[in-house]
Amino acid sequence: MQRPFILIDGKVTEREQFTVKEGHQPTNSLFYLKEGEFSLLLDGKKSVIKAGDTVIFNDTQEFIRSVKSKIVFIYIKFKVNENCKFQLPFPTGKVEFKDKARFISSITAYEKALAEEGALAVYKREHLLEDILLQVYEESYPYEIGQGKEFSDITVEKVAKYLDENIAQKFSVKALARVCATNPSTLNFKFRKVTNKSVWEYVSEKRIELAKKLLLTTTYKVGEIAL
């Protein structure tokens, strides 16, 4: 079976300062800081990342970051596998692990596997990345585990649920993509694959349904409903 994530690259590296201080990561990335600290502004939230902390970036989020003291970190680049029959969303920013021992075991084994060569070593790194991201998913979205789904893709379900609860608000596809830590093109691709509609077609359909309900069940004027 296809895996939900594809490992691109991984390494242990050190920086006196980031090469890119402002912008976004070229790929989804996981940073595990072994030494030092850096400041991070991500989605309007400021934080200080210290030794022992983990940060996940997607490839669309804009950030500002600056090294406060020399950092040494494990840097893992990955992408979402569009061919997998299911998707696992992941949060971005600083990640707080509930089962710290499990994560430390996985990331330590991953670092050890970086020194190994050959197909088996690659397989081990892929497996360990998957275990780390599965743990992130399980701890971040516990309400979704084992529950029936209206949609076959959890990313589509997450955004559809958000839209249903906020259908009267203004949206941009870019903002909606942040809800499930993906990018606009991937979100539209998944929506059309699962619902046979683009995101905006889905939004329009839901708003029309709401407008019909308001016309039938309230005394609002047509202009008020349109707003």
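In the predicted model, the secondary structure of the protein chain comprises seven helices and seven strands. Read along the sequence, these elements follow the pattern β-β-β-β-β-β-β-α-α-α-α-α-α-α. The C-alpha trace of the chain spans about 65 × 40 × 30 Å along its principal axes, and 41% of the 227 residues count as buried. When contacts between residues at least 6 apart in sequence are considered, 72% of them join residues that are at least 24 apart.

Two packed helices are described by the angle between their axes and by the distance between those axes. For helix α3, which covers residues 154-165, and helix α5, which covers residues 184-195, the angle is about 95° and the axes lie 9 Å apart. Because angles of 65 to 115 degrees count as roughly perpendicular, α3 and α5 are therefore described as roughly perpendicular to each other. On the side of α3, the contact is made by Thr155, Val156, Val159, Ala160 and Leu163, while α5 contributes Leu187, Lys190, Phe191, Val194 and Thr195. Sorted by class, the residues in this contact are seven nonpolar, two polar and one charged.

Helix α3 has twelve residues and reaches 17 Å from its first C-alpha to its last, which is close to the 16 Å expected at 1.5 Å a residue. Its buried residues are Ile154, Thr155, Val156, Glu157, Lys158, Val159, Ala160 and Leu163. These buried residues of α3 pack against several other helices, namely α2 (119-140), α4 (173-179), α5 and α6 (199-217).

Helix α5 also has twelve residues, and its reach of 16 Å from first to last C-alpha is close to the expected 16 Å. Within α5, the residues Thr186, Leu187, Lys190, Phe191 and Thr195 are buried. Seen down the axis of α5, the buried residues fall within an arc of 130°, so they line one face of the helix. The face turned away from this buried side carries the exposed residues Ser185 and Lys193. The cover over the buried residues of α5 includes the strand β6 (63-80) as well as the helices α3, α4 and α6. Just after α5, Asn196 takes a positive phi of about 65°.

Helix α6 has 19 residues and reaches 27 Å from its first C-alpha to its last, close to the 27 Å expected at 1.5 Å a residue. The buried residues of this helix are Val199, Tyr202 and Val203. Seen down the axis of α6, they fall within an arc of 100°, so that they too line one face of the helix. The exposed residues Lys212 and Leu216 are carried by the face of α6 turned away from its buried side, whereas the buried residues of α6 pack against α3, α4 and α5.

Beyond α6, Thr218 is placed in the loop between α6 and α7 (222-226). With a relative accessible area of 27%, Thr218 is partly exposed. The C-alpha atom of Thr218 is separated by 28 Å from that of Val159, a residue 59 positions away along the chain; Val159 itself is among the buried residues of α3 and takes part in the contact with α5.

How values were computed. Residues numbered from 1 in each chain as written. Predicted model: local features only at pLDDT ≥ 70, side-chain atom pairs only at ≥ 80, totals over all residues. Heavy atoms only, no water. Axes fitted to C-alpha atoms, helices over the stretch in contact; angles between N-to-C directions. Helix = DSSP H or I, 4+ residues; strand = E, 2+ residues; numbered from the N terminus. Parallel < 35°, antiparallel > 145°, perpendicular 65-115°, else oblique. Contact = heavy atoms within 4.5 Å. Nonpolar A, V, L, I, M, F, W, Y, C, P; charged D, E, K, R; others polar. Expected span 1.5 Å × (residues − 1). Buried < 20%, exposed > 50% of the residue type's maximum accessible area, 1.4 Å probe, protein only. Arc of directions from axis to C-beta.
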